[in-house]
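This report goes through one structure, part by part. Please look at the sequence and the model before reading on.

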Amino acid sequence: MKYSYYPGCTLKNKAQDLDIYARRSAEALGFEMEEIPEWQCCGGVYPLGSDEIATKLASVRALNYAKEQGQDLITLCSACHHVLKRVNDDMKNVQDISDRANNYMALEEPYRGETKVLHFLEVIRDVIGFDELAKKVVNPLTDKKIGAYYGCLTLRPGRILEFDDPENPKIMEDFIRALGATPVIYSMRNECCGGYASLKDPEFTKSRTSQIFEDSTGFGAECLITACPLCMYNLNKSDADTKVPVYYFTELLAEALGVKEEA
Amino acid sequence: MQKIGVFVCHCGTNIAATVDVKKVVELVRYEPGVVFADDYMYMCSEAGQEKIIEAIKEYGLTGLVICSCSPRMHEKTFRACAEKAGLNPYMVEVANIREQCSWIHKDREEATKKAVILARAAIAKVNLNTPLKEGESPVTKRALVIGGGIAGIQTALDIADAGYQVDIVEKEPSIGGRMSQFDKTFPTLDCASCILTPKMVEVNQHPNITLYTYSEVEKVSGYVGNFDVDIRKKARSVDFDKCTGCGECSTKCPLGKIGKIPSEFDRGLKNRPAIYMPFAQAVPAVPVIDRENCTYFKTGKCGVCAKICPSKAVDYEQKDEIVTVKYGAIVVATGFDIINLDKFGEYAYNESPDVITSIELERLMNAAGPTGGHLERMSDHKQPKDIVFIQCVGSRCDSEEKGKPYCSKVCCMYTAKHAMLIKDHWPDTNITVFYIDVRTPGKNFDEFYRRAVEQYHVNYIKGQVGKVKPQPDGSLMVQAADLLDGKQINMKADMVVLAAAVEPNPGVRKIATMLTASIDNNNFLTEAHAKLRPVESPTAGIFLSGMAQGPKDIPETVSQAGAAAVKVIGLLAKDKLKTNPCTAQCDTLLCNGCSTCANVCPYGAITYDDVQVMDHGLRETRRVAQVNLALCQGCGACTSACPSGAMDLQGFSNRQITTEVDAICR
Amino acid sequence: MSMNEEKKEYRPLIVAFCCNWCSYAGADLAGSSRLSYPADVKIIRVPCSGRVNPMFILRAFERGADGVIICGCHPGDCHYSTGNYYARRRMALLFSMLEYIGVENGRTRVEWCSAAEGAKFSKTMNEFCEKIQSLGENVRLGDLRCKN
Amino acid sequence: MANVEKQVQLIKDISGSDPYKCMRCGKCSASCPSYNEMDIKPHQFASYIIRGDIDELVESKAAWKCLSCFACIERCPRDVQPGKLVDAARQIVERQREGDYLQPDEIPALLDPETPQQLLVSAFRRYRR
Amino acid sequence: MQELIDRLKELIADGTIVRAIGWKKGDMPYNPEPAYFTEAEDFDDFVYDGFCGANLSKMMIEAGKLEGKTAVCLKPCDTYSFNQLIREHRVNRENTYIIGVGCRGKLDIEKARKAGIKGIKSISGVEIEGDGDVVFDTIYGEKKMAYKDLMLDRCHVCKGKEHVIYDELIGQSQDTDDADRFEEVRKIEAMTPDERFAYFKTELSKCIRCNACRNVCPACSCRKCVFDNTKFDSQQKANVDSFEEKMFHIIRAFHVAGRCTDCGECSRVCPEGIPLHLFNRKFIKDIDDFYGEFQAGKDPEAQSPLTDFTFEDLEPKDAVGRGDK
């Protein structure tokens, strides 16, 4: 199985771990991620304005490239996942945006949202299956109590992203279980970490992340996993008493699959 | 050639404000066949009708066109009026220039033009009308009530008291419905079972009422006055005649002790055995075996209940039985349930046992409930100190996939009731109600709510809750905003009670389809007229009672049940009903005998006979279609299926419709 | 003056066949709720969408209608149980045939509309009028066989 | 007056949501992580727009404090999507005035070695044209 | 052919049948015509060769009413029509003796004309049993054409050479199916709406309303056609409006939709050469696409697609614009 792969800006430097472990794991799991040549940054946040076109074109280019390859498009970063899926939905279902974007792009064949966008975790859940994943685990993370930190962008809006139940997700918990560890469910797992506010108001972000650590460790989490470089940054910046280590989910995946140290 | 009179109604200003009525009269006067045209303020009034009658007599009118409101409104009135003047009632056509013209158009010229065109179409049609004669059909003097909750019970009792036979079909093992699950009722705090149980017993003992519990309506055919209904009596596995209702079987059922089957009646807060009565006061007091869970039915082993039953009533061999009964009228009283809360993950209903629905709270407070009436948290069985009520969970919701657009109507009142009852029993409980609006129209209703605030000091906060967060210490954190104070609130609670939206019983769609009764977007049954015929379905012979028609509380339900009963009694009191004369008719000279029409007839009204015909002087025996006029309901499916045009529909003939098309497209 | 000019602009002629039980009642509800739609729509009441013979539709087109819409009860809700199911097949085939002979798509439409859906009725009619307005006058069906 | 209507229409057009649908239930304010940072609260956005107090909304801190976490959008029972409304206000600022919340020259001081690109691009897109 | 004649004579002689319906020689070697055969000498003119394309099944509507049994010669495709007539109770099976005759495709004289063959005096090689070329003896000398090249278009998309109903079979058949039945329809579907309209306008403008298509069509079996029926003032022939003139073929195709077996007689008999079967075949293709494959006349018990439905049927809006995506 071959996918077009959209890494996004941060995975190319500050979040290389997220990327590298994903690639190794994918190989171990038997699928291929083919990086889109000349991808452009998605912009990090989805332009909400229904008249915003130019800011969506980078995503459309990536989506159209995948369409031309006849491949599904895979992403890892929560933000890219969010933006790509929403732009794709616009292209498919919002006539006006779709028409205007296509006018700009002047493609041979207009792009109408044909590409399927998948988060890496969705590939594991829907294509490989958590049972299959569990079978491939060589270093089960037994006895580890892990809190999944979803943040906001992976889940919402649920109707468009269709990633998981936006209020009671379980995909990361199932993932943790498949790695042999014990998932810790806590209320703040789908609450925002403060996001880009950390640039101008780091104190605010710290108050958010403190709550996240307090809640997750209160339920017994020994570490957190995330799919978002910005969440990772904000959580790491926390000075909470209850702070625990935070990992990219792909790092634990690579570890469980026994491919972490390779290369 | 017909002599047609055209009567244009002003409907006060309803029509006249937008349609130039005088101009319509002027313009239709010269249409073919028209010998008289006039307008009047209210055509449907007595004076208006008098005018019509006079014109019929004076001009020898043979056909009438009334330009007025929808024919669904007053066609009957004008037909009766024509009949009074000795004209066949089916020589009347109504041009709808109100609902389909004046009310939706603003431009006077445009609306007038359209009114003229609609009148022309009606005139063209009347030119081809022929006098039709209504047939008669007998009335089966027996009513069916679907649903045995308070709505069904009250309807059945009222009909039965008037001397007619009534059958109740209830899918659960006992009648009683939702009301039997309640603890107290607002606004008087009567004990629900104290007022319901006597009615249930009365139903059981009434000589005119037959109960089909644990039964479902399987098939409905026929029409008003003459319905044929198949009722599936699901195998109870207990012999009705032998069982004494001692309950020994339920106590001894080994599954009762293991406790794996959640009790439907107790909303899953308690378990029940495989052989069970839903609740102690069940009517009939005969248990059923839940075959899906019973060990005997699953493995062939066990059989304890049969062994210990003192009257040998347990019968594992019983089979579902289908009975077919004839009815003259059918009442739908299928009631409601609350919506599924899976889409409201933010309230942690599925995550925390201490987040419950109001109906679960009813069970928890009921002396016969799972905790014997002691209010406790399901997680640790401790008495909750801080209780938060969240209103409008899924009500007034714009998103179809999540909730319902309507107000559920009962939640504000029952929440005030719950708060007061809890405070009555456990005065030091802190109760907070998060509301969007408090809606209490009804006699003594607002007083009731105020009492909760003023006398019981229930804390009402305006602001919908955003999230309920289960905490590591087992409590619940309720995150909300007090909109009036402008503060975000994080409130600790031991228990959260959700006022989930009501919705019609999910089974109602299937039943409505069987009955061809119309249903709205929310699966509530549609009434024939929102104001004037609120307890009748547009389908003749089908009546509505209770929540199946729309959200309502118990007093309203009981009043509507009575109203539905009166309508049923009015129908059953007749010996014969007039039948629709707009039936299909076969031209035997044209009929090929190909059977196409019979294939599409939903009523089996078409049969084939060999008949002698004379065609161009040749006598021949031909196989031709015959329409049974008592069965034909006039849908016209046969007419458009017929390849040769032999089948036609009286009142809506091919010629009549094409002539309307021509008139409109002229 | 400008008023007069506006009046002269092309207005389509639209025939709507509405079943008595659902759609005609839905149209009435649109009326009593004052949910407007263009006066171009003229409704013909039929007992059931299953009563609508394809010939009525062709007849309307031939006589100058620019659009024909058939409204019936939602599938499953037909007052006569099954009439709309037959109508659905009949119209699917007829519409496909009209497309085949080169008549513009969109001149014909089937919409299921219940007695409770006044808003939907009005919305549908507005949409349909707009569509027909954009398609302009119907010449093709009147012109299919032009030999004199 | 006409100008206000135009602005309201502009917000409706940009946001694609209808402020008249709001029933003031406050679920947005209840869910908002930035509630305390905001001077105009999420449940008030619709009223400000309907009243025509667009300037006030546009000049408020609320426009910059929204985290685009979509909690209000996800939970809004009326599909009003307060997050989109305030974002439209923010865009009006960015498109028409010189009121960007983030100036390029202040950036270096805000950075630290770990700052991910994602933070910069997100903030850039949200805080300025 | 002789075997067929002998057998028919024998059946008459032993009283099994009273008469037979077959083809008799026409005034030209390529236009045999349907006929009744009762006496032994009638059979002198009996012919069954490549030019006997006429579908005789419809004649049984009237013949079935006559005293005694009638034998009818039906080619494989004709038996579908007969089955459909049984389904519609239009023929009397009891009174019918079906001889299923072999077929190796029927011939279209227009194809010879198009190939420049004129002045035909006689034709050989059109016998049912043969497999050689067709040889024309013309006033300009001898001309040859491959049998296949002379075949009616419809035979290239033959439903198969199996008789779906018969009492006995005489003669061998050869498969002729070598083209895609819906190819022509697809070609039209692929055109732009303007092209389609222009195409049909041109074709239909040729119509002279001779009614040959209607008269030959086994599905057009109504006692009285709606187009001749004065009860429908809207469809009267003498009416001032031109409604039926414009819509005749569309309505006729709709009337036979789900009942038409695609026998192709309409196009064969059209004096103006209008490809009328393209209407019927479009309906057949749509029915297949929308509701699953259906062959009218294959099974006399099967419900016609237009008097049947499923709850999940395609919505009319999805029936159009399928080529646009």
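Is A:Glu162 buried or exposed? A:Glu162 is exposed, because 12 other C-beta atoms lie within 10 Å. The cut-offs are as follows: a residue is buried if 20 or more other C-beta atoms lie within 10 Å of its own, exposed if 12 or fewer, and partly exposed in between, with C-beta atoms placed from the backbone.

The model is predicted: local features need pLDDT of at least 70, side-chain atom pairs count only at pLDDT 80 or more, and totals for chains, interfaces and linings use all residues. Residues are numbered from 1 along each chain as its sequence is written, and chains are lettered from A and ligands numbered from 1 in the order in which they are written.

**Backbone features**

Most residues other than glycine have a negative phi, and most peptide bonds are trans.

Helices (H or I, at least four residues) and strands (E, at least two) are DSSP runs, numbered from the N terminus. A:Glu38 also counts as exposed, since it has 8 C-beta neighbours inside 10 Å.

Chain B holds cis peptide bonds. One runs from B:Phe186 to B:Pro187, with omega near -5°, and B:Pro187 sits in the loop between strand E8 (184-185) and strand E9 (190-191). Another joins B:Val283 and B:Pro284, with omega about 0°; B:Pro284 belongs to the loop between strand E15 (275-276) and strand E16 (288-289).

**Contacts between chains**

Two residues are in contact if their C-beta atoms, placed from the backbone, lie within 7 Å. Chain A brings six residues to its contact with chain B, which brings seven. On the chain A side these are one nonpolar, three polar and two charged residues. Ala, Val, Leu, Ile, Met, Phe, Trp, Tyr, Cys and Pro count as nonpolar, Asp, Glu, Lys and Arg as charged, and the others, Gly among them, as polar.

Between chains B and C, 43 residues of chain B and 45 residues of chain C take part. In chain B, the helices that each supply at least two residues to this side are H4 (98-102), H5 (108-128), H18 (637-641) and H19 (654-664). H19(B) gives the most, with seven residues. The chain B side has 18 nonpolar, 16 polar and nine charged residues.

**Domains of chain D**

An automatic or database domain assignment supplies the domain bounds. Chain D is divided into domain 1 (2-97) and domain 2 (102-129), and their centres, taken over C-alpha atoms, are 24 Å apart.
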